[in-house]
Every structure is written in C-alpha cells, then in structure tokens.
Amino acid sequence: MVCVFYGHRECGEEIVPSLETVLKALIEEKGVDRFYVGTQGGFDDAVYRTLKTMRRHYPHIEYKRVLAYLPTALEQGVKAEQVDTLIPAGIETRPPRYRILYRNEWMLRQADYVVVYTVTSAGGAAKFAALARKRGIPCINLAEN
C-alpha cells in the first residue's frame, strides 16, 4: 500500500505530532509500507524527516523523495540522500515549468492513501487533495486534526 503527500510550502514543526499519529495508523492499521513525498517546501521536509525517524521503529517501510527535476552533477556528488530519491519515468520530456505537476500527477496515480496539509482551498496541494477525493482515494488533512 502506498501513501503520498501534498502540502503547503510554509509549514511549521507543529504538524509533526499529528503526522506521526497518522503515519503510525496507516502503517499499523492499513498496511501502508511505501511512501512518496515531494521536495518543494516545509511540509515535504517535515514528512521526509518524520519518515526517516519512524523507519527506526518500522524497518520494513520504504520512503522516497520524488524529484521533479533531474539532479545536477554537483548535486549527485554532494547529496548522500540521493539513494532516497525517485524520478518518475518520462519527466525529462516535460517542459521544466510542468514537471512539478507531472510529478504530482504521477504520485497520485500510485496512491492508496493521501495525506495533505492544506489550510486554504487554493494552491496545488488543495487541488490534489480534491482530485484524490474525486477518485475515491482516502485523503487525510493534517490541518483538520
């Protein structure tokens, strides 16, 4: 089972306790063992750090940062965490301005569950939360917990 994440760029650490509770329930009660998260801001960073920490208690889970852009040679040599990344097939053929959208659509196609942090109905995170609900994918908004 796969869970993906969408959220605001601006996001503080106050969501981490709710995030941990939701992740624990998804892992223990729903059998989720694979997680895909973006790289575009505060929410994505909080999710990634939380998953990294939770893996100590749940060594069977897998998590990947899904890239919208191919890393440069310098980034490939510097970042040890590249092993935790994934690049959706075909993204390199998309114009750069559409790659985040392509990545987010790819993530939604993989999803059995979606976790979001949206406090407004505007923006990409809210759009993908609405798409998930429309497709019948369970969607949990941490801003409502």
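Mentor: Begin with the order of elements. In this predicted model, the chain runs β-α-β-α-β-α-β-α-β-α-β from the N terminus. The radius of gyration is 15 Å, close to the 15 Å that the globule rule gives for 145 residues, so the chain is as compact as a globular protein of that length.

Trainee: Which strands pair with β1, and in which sense, parallel or antiparallel?

Mentor: Strand pairing is read from the bridges. Strand β1 (residues 2–7) is joined to β2 (residues 34–37) by three bridges, and the two run parallel. With β5 (residues 113–117), β1 pairs over five bridges, also in the parallel sense. V4 illustrates both pairings: its bridge partner in β2 is Y36, and in β5 it stands opposite V114.

Trainee: How many residues of β1 are buried?

Mentor: Five of the six residues of β1 are buried, and the strand is thus mostly covered. Of the 145 residues of the chain, 45% count as buried.

Trainee: Which residues of helix α5 are buried, and where do they lie around the axis?

Mentor: The general idea comes first. An α-helix has 3.6 residues a turn, so residues three or four places apart point the same way. In α5 (residues 124–134), the buried residues are A125, A126, F128, A129 and A132. These residues cover an arc of only 165° around the axis, which puts them on the same side of α5.

Trainee: What covers the buried residues of α5?

Mentor: The cover includes β1, α4 (99–110), β5 and β6 (139–141). After α5 comes G136, whose phi is positive, near 80°.

Key:
Residues numbered from 1 in each chain as written. Predicted model: local features only at pLDDT ≥ 70, side-chain atom pairs only at ≥ 80, totals over all residues. Heavy atoms only, no water. Buried < 20%, exposed > 50% of the residue type's maximum accessible area, 1.4 Å probe, protein only. Helix = DSSP H or I, 4+ residues; strand = E, 2+ residues; numbered from the N terminus. Pairing = 2+ DSSP bridges. Arc of directions from axis to C-beta. Contact = heavy atoms within 4.5 Å. Rg over C-alpha atoms; globule rule 2.2 N^0.38 Å.
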